[in-house]
Amino acid sequence: MEINHYSRHLELDCVRIDDKFWSKEIELVRKEVIPYQYNALNDNIPGAQKSYSIENFIKAAKIVQNIKENKKVETYPADKWEYTDENCDENAFHGWVFQDSDVYKWIEAAGYSLMHTYDSALKRKADEMIDIVCNAQMDNGYLDTLYIINDRDKIFTNLRDFHELYCFGHLTEGAISYYKATGDKKLLNAAIKFADLICSSFGEDKRKGYPGHEIAEMALVKLYELTHSRAYLDTAKFFIEERGKKPYYFDIERDKITVEDNYFYNQAHKQPRHQHEAVGHAVRGVYLYSAMADIARFFRDDALYKACEDIWNNIENKKMYITGGIGATVDGEAFSFDYDLPNDLAYSETCASIGLIFFARRMLEIAPKSKYADVMERALYNTVLAGMAQDGKSFFYVNPLEVLPEASHKDSRKRHIKPTRQKWFSCACCPPNLARLISSLGEYCYTQNDHTLFVHLFAGGNIKTDKGSIHIRSDYTHSGEIEFDIKPNKPFTFAIRIPHWCDNPEFSSEYHEKDGYAYFRVHHNTVIQCKFEQKIKIIKCSNNVRANIGKAALSRGPFIYCFEEADNGKNLQMLSISPGSQMTYKDGFIIADGFREKPDDKLYTEYKAGVKKNCKIKLIPYYLWGNRGENEMSVYIRIV
């Protein structure tokens, strides 16, 4: 499929969000989440699992200093994914192999937050953390605390498992964010130095390796966009094109030859341009697919874009939960087979939905089709927001669609399902990922090319581009009403996404529709009012999804709803509604006329219809569940 009409997202300095719904979320991240995570990274949260992150950088800095002074440096094993007090020396690296990335994501979120609101205390903490990071960098630019502390001779020897390039990716994204926010180049220079080492180490006549856990590819593209150094873009392209070639590099570095294509987990089973299904570890997958879209756009690569589109369609139509969650199975935190979407076993990692949003924006930059923004919205308003408590001090890693607390405690198959959010995690990728996404939300709302400005998400506020300035008044999450007050510098086309859930969109001006967007021609000061009627809808799932036969979910606008024991009592499986049930919306909740079935005391009896009585069923937005202690929860309800 030919690629044309490329666009780019608006940078955060062009966007100022002032929105009833999103401003409070962004402020929650600034005032609560970022400070809380700072304490977590410094191991100052009572009762939370230790991070070890800052401790590792301090250890690494001492090693670097000792190397400079020609002092003896100890060596420790670098052969595990997680290093604990029980399995390693107290002076060795501690935590997961990717522990450094938590610090970098925190810095990235801090940078985005500082773009919204200058906070001298936050900047001081970030500067101190950047100093700690930079002190750990080796003279040649290498910066990964696992190998600096444990064994410098093992650098770049296990790309499949040990996340050096992954950590580099987050270092680079954090450095770019902080530089754009403050103009401070200290961390950016450290990232560039490491990037230069990577570019000089990998390539056609060098190491032919590629990341085991993708993200370096996206980061190198971002660094190219900032510096215009072609080496970064070419290395990102090399990582994409080399991936999956035979003999597998992951076999070569392990001195082992694989006969079967067994690298689905890493999306390295075949070359990316020949991949057409989402497989393997879900976060790794969407990070790779995002980078594939980047490279397809920059190099006008139709075949790579076709692979991206096929993978996207596979996710959207066969492997995505109604909440925008992806990665159905705990085994490998991975995509499962088509239509395998169990509710009570769902993995649906927060990071995976965040990565799906990355992928969606990059697909929008290639082709402005509403299906990408519809999924971006679905993931954002549901799974992503559900990953964080209302006070910003506890988090979900896994986002199930059905929870029975007793099963979580007693059934080993469901131990990954937590009925309440956790204070922190030893593998703490999700909380800082949440913070950096919400703080950078403005980068996902709009894209533009030479002729057209596209609106993908409806957050109120102000934007300024070369095309003009726009003030947006939005009541999107409540009434579905938005007003755009446009003051153009020159004539341009203005395109507004029509949400997939809206049956009868209303606009105050004439427009033409294409690929789910309403297009308006703007010549002079213009006000465009739109209304997306928010009806309560009963949504059924494909009957290929065995878990949801005879069930449905409720939605209103961008939100998927669920029901909890706190409002409806125990045994939620006894509740049902009919297609004609009366439903009302008030104060963010849905009240539905439904039925509660009387429990059968006998395990088996001859079939007859259950005894039901009328009841009122209260449903809340899915993102709000789990804020009232342990209790049952379900998204899907029986239809009778």
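Predicted model: local features only at pLDDT ≥ 70, side-chain atom pairs only at ≥ 80, totals over all residues.
Helix 13 and helix 16 cross with a left-handed sense. Their axes come within 9 Å and cross at roughly 30 degrees. From helix 13, the contact draws on Thr350, Cys351, Ile354, Ile357 and Phe358, and from helix 16 on Cys430, Asn433, Leu434, Arg436 and Leu437. Sorted by class, these residues comprise 7 nonpolar, 2 polar and 1 charged. An α-helix has 3.6 residues a turn, so residues three or four places apart point the same way. That spacing may be kept in mind when the contact residues of each helix are traced in the model.

Two packed helices are described by the angle between their axes and the distance between the axes. For helix 1 (residues 22–41) and helix 3 (residues 100–116), the angle is about 150 degrees and the axes lie 10 Å apart. Helix 1 is therefore roughly antiparallel to helix 3, and the crossing of the two is left-handed. Helix 1 contributes Ile26, Arg30, Ile34, Gln37, Tyr38 and Leu41 to the contact, while helix 3 contributes Asp102, Val103, Trp106, Ala109, Ala110, Ser113 and His116. The residues of this contact divide into 8 nonpolar, 3 polar and 2 charged.

On the helix 8 side, the contact is formed by Glu217, Met218, Val221, Tyr224 and Glu225. On the helix 11 side, it is formed by Tyr287, Ser290, Ala291, Asp294, Ile295, Arg297 and Phe298. The classes here are 7 nonpolar, 1 polar and 4 charged residues.

The loops that link helices hold several backbone features. In the loop between helix 11 and helix 12, Arg300 has a phi near 50 degrees, a positive value in a residue other than glycine. His163, in the loop between helix 5 and helix 6, also has a positive phi, near 65 degrees. Are these two residues buried or exposed? His163 is buried, because its relative accessible area is 4%, whereas Arg300 counts as exposed at 54% relative accessibility. A feature of another kind occurs in the loop between helix 9 and helix 10, where Pro247 is placed. The peptide bond from Lys246 to Pro247 is cis, with omega near -5 degrees.

The account now turns to the strands. Strands of a sheet pair through backbone hydrogen bonds, either parallel or antiparallel. An open sheet is formed by 6 strands in the order 2-8-9-10-15-12, with antiparallel pairing. Strand 2 and strand 12 are the edge strands, each pairing on one side only. Within this sheet, strand 8 (residues 461–465) and strand 9 (residues 468–475) run antiparallel and are joined by 5 bridges. Gly461 stands opposite Ile472 of strand 9.

Strand 14 (residues 517–522) has pairings of its own. Strand 11 (residues 492–497) runs antiparallel to strand 14 and is joined to it by 6 bridges; in this pairing, Tyr519 is the bridge partner of Ala495. Strand 13 (residues 512–514) is also antiparallel to strand 14, with 3 bridges between them, and Glu513 stands opposite Ala518. Strand 13 and strand 14 form a hairpin with 2 residues between them, and Asp515 in the turn has a positive phi of about 50 degrees. Why is strand 14 described as largely enclosed by the rest of the structure? The reason is that 5 of its 6 residues are buried.

Key
Residues numbered from 1 in each chain as written. Heavy atoms only, no water. Axes fitted to C-alpha atoms, helices over the stretch in contact; angles between N-to-C directions. Helix = DSSP H or I, 4+ residues; strand = E, 2+ residues; numbered from the N terminus. Parallel < 35°, antiparallel > 145°, perpendicular 65-115°, else oblique. Left-handed = near helix turned anticlockwise from the far one by under 90°. Contact = heavy atoms within 4.5 Å. Nonpolar A, V, L, I, M, F, W, Y, C, P; charged D, E, K, R; others polar. Buried < 20%, exposed > 50% of the residue type's maximum accessible area, 1.4 Å probe, protein only. Pairing = 2+ DSSP bridges.
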